[in-house]
Amino acid sequence: MDNKMRLQKYMAQCGVASRRHSEELIQAGRVKVNGEIVTKMGFCVSEQDRVEVDGKLIKKEEKLIYIMLNKPTGYVSTVSDPEGRKTVLDLIDGVNERIYPVGRLDYDTTGLLILTNDGDFAFKSTHPGQETQKTYMAEVMGMPSNKELKALRNGIMLDGKQTAPAQVEVVDIKPESTELKIIIHEGRNRQVRRMCEAVGHPVLQLKRTAVGRLALGDLKPGEWRYLSMKEVKQIRGKKNG
Ligand code: URA
């Protein structure tokens, strides 16, 4: 933020004291800006300035927020798109914080996507090797044989590197397609689609239903809600949620 604001307002926003009490602190010579005591009322600062009260640096508290979205098809899961397509941020109204998606879902994939402004959380939950389990429901063309299911479970060679073991279950068999529940804990590009394609059963529809123990529940496509701190801790806490 480049906007300047009155010192007492900034102090109040940092949770130091009320504006009035902050004025008193300023007048009493207890506030320094960039190392200099400021007693002048109306002095303005920006977030780039170093403000100390009684020798202690103060900071604006950033409210960390965590959102679960049921991503519909037809949206990119980035904050902007060079091709001008709609982004998942277009679905989130009334949130002023600068949030962004944790990981990606393809344009045509639906389901659970987390958005946050907590960079540390985003980094930890997508860090290779530390990734949370992700559960997908994939409707694939045809009916995979036991051998093909085993290959999906054991790992598929993608870009010269084997995918890690996955859990794969047949959930429903339809006349021309099969519904599979697939749990992976990697996040390679288009991983589920490419794994299914590699065994000869391209994905017709793909939905992410859970990340760790956090499940999409009955959120409709396009709907979102805030996560509770308990849910955030669950995802942050353990590799498998
Ligand atoms: N795997 C895919 O192929 N696509 C996704 O969006 C997520 C996982």
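Colleague: Which helix gives the largest share of the shell around the ligand?

Modeller: Helix 5 (residues 191-198) does, with 3 residues; helices here are DSSP runs of H or I, at least four residues, numbered from the N terminus. This is a predicted model, where local features need pLDDT of at least 70, side-chain atom pairs count only at pLDDT 80 or more, and totals for chains, interfaces and linings use all residues. Residues are numbered from 1 along each chain as its sequence is written, and side-chain values use heavy atoms, with hydrogens and water left out.

Colleague: Which residues surround the ligand?

Modeller: Leu 105, Asp 106, Thr 109, Tyr 136, Arg 190, Gln 191, Val 192, Arg 193 and Leu 206, where near means a heavy atom within 4 Å.

Colleague: What does Asp 106 do there?

Modeller: An N or O atom of the Asp 106 side chain is 2.7 Å from a ligand nitrogen. A polar contact is a pair of N or O atoms within 3.5 Å.

Colleague: And which residues lie by an oxygen atom of the ligand?

Modeller: Thr 109 has a polar side-chain atom 3.0 Å from a ligand oxygen. Arg 193 uses a backbone N or O atom, 2.9 Å from an oxygen of the ligand.

Colleague: Switching to domains, why does the ligand lie between two of them?

Modeller: Because domain 2 (66-128 + 216-237) and domain 3 (133-211) both give residues to its shell. The bounds come from an automatic or database domain assignment.

Colleague: How far apart are the C-alpha centres of domain 1 and domain 3?

Modeller: They are 57 Å apart; domain 1 covers 5-57.

Technical notes
A polar contact is a pair of N or O atoms within 3.5 Å; within protein, one must be able to donate a hydrogen and the other to accept it, and residues adjacent in sequence count only if both atoms are side-chain atoms. Helices (H or I, at least four residues) and strands (E, at least two) are DSSP runs, numbered from the N terminus.
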